[in-house]
Amino acid sequence: MMKYKKTIATIAIAAAFGTGIVLADNNTWQGSPNLSHTRSIIDQLGDKLTAQSNKITSLSTQTTTAQNQLTDAQNNVSNMQSQLTSLQNQLTQAKDQLTQANNQKQQELQQKQQEIQQKIDEINQKIAEGNQKVADKQKELDGVQSQLSEANNKASQLQNQLNDAQQKLNEANNKNSDLQKQLDNALQDAKDTEAHAQSVLNAHQQ
């Protein structure tokens, strides 16, 4: 305000001692109308200065309010920046945890895959061993079947030989039976002949 008052005083002096000043003549002051005009100008300037001062005060108030709002906004931005930084840190930690969890899960998965592959290899080994046993048993079976076939062939040959021997035995028995009958008949004839001879002898002895 002191600055504005000095400005008004300067303007008033300039108006009082400017081109409108008339020196005293015959003890009469001729500058009174000019001073009245000057005071009017000063009053107008004072009103304008007051209005300008009020405007400046209002602007200063608005500036203070705006500055406070700017400070609040800056604080809000700072808080948001802090929150953003915190969220970014949380996101980074979450990503790290996720990466660590994925790595752990990947390791567990690889371990499970290795265990499964080991089981598969063991099963394949057992299958190979089983196939080898089957092959060995098949060889043994082939050998047994070969021996059985040979045994069957020998048995068939022996059966044929037995059949031939049985047939020959039957033929021999039949021949023996015929011979036996012939012998029986001959013996009977001999007995009959002996009896007839005895009968003849007995007849001549009388």
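Modeller: Terms first: helices (H or I, at least four residues) and strands (E, at least two) are DSSP runs, numbered from the N terminus. This is a predicted model, where local features need pLDDT of at least 70, side-chain atom pairs count only at pLDDT 80 or more, and totals for chains, interfaces and linings use all residues. Residues are numbered from 1 along each chain as its sequence is written, and side-chain values use heavy atoms, with hydrogens and water left out.

Biologist: How many helices and strands does the protein chain have?

Modeller: Two helices and zero strands. Helix α2 covers residues 32–205.

Biologist: What about confidence?

Modeller: The protein chain has a mean pLDDT (the predictor's confidence in each residue, from 0 to 100) of 75. Of its residues, 79% reach 70 or more.

Biologist: Where does pLDDT stay under 50?

Modeller: Over residues 1–6 and over residues 11–29. Counting contacts (heavy atoms within 4.5 Å) beyond four places in sequence, the model has three for residues 1–6 and 14 for residues 11–29. Where pLDDT is low, the predicted coordinates should not be read in detail.

Biologist: New topic. How much of the protein chain is buried?

Modeller: Of 206 residues, 3% count as buried. Buried means under 20% relative accessible area, exposed over 50%, partly exposed in between (1.4 Å probe, protein chains only).

Biologist: How many salt bridges are there?

Modeller: Two. The rule wants a side-chain nitrogen of Lys or Arg within 4 Å of a carboxyl oxygen of Asp or Glu. Lys 105 pairs with Glu 108, with the closest N and O atoms 3.9 Å apart. Glu 115 pairs with Lys 112, also at 3.9 Å, N to O.

Biologist: Where do Glu 115 and Lys 112 lie?

Modeller: Both are in helix α2, three residues apart, about one turn of the helix. Lys 105 and Glu 108 are also three residues apart in helix α2.

Biologist: Is Lys 105 buried or exposed?

Modeller: Lys 105 counts as exposed, at 56% relative accessibility. Glu 108 is partly exposed at 36%. Glu 115 is partly exposed at 35%.
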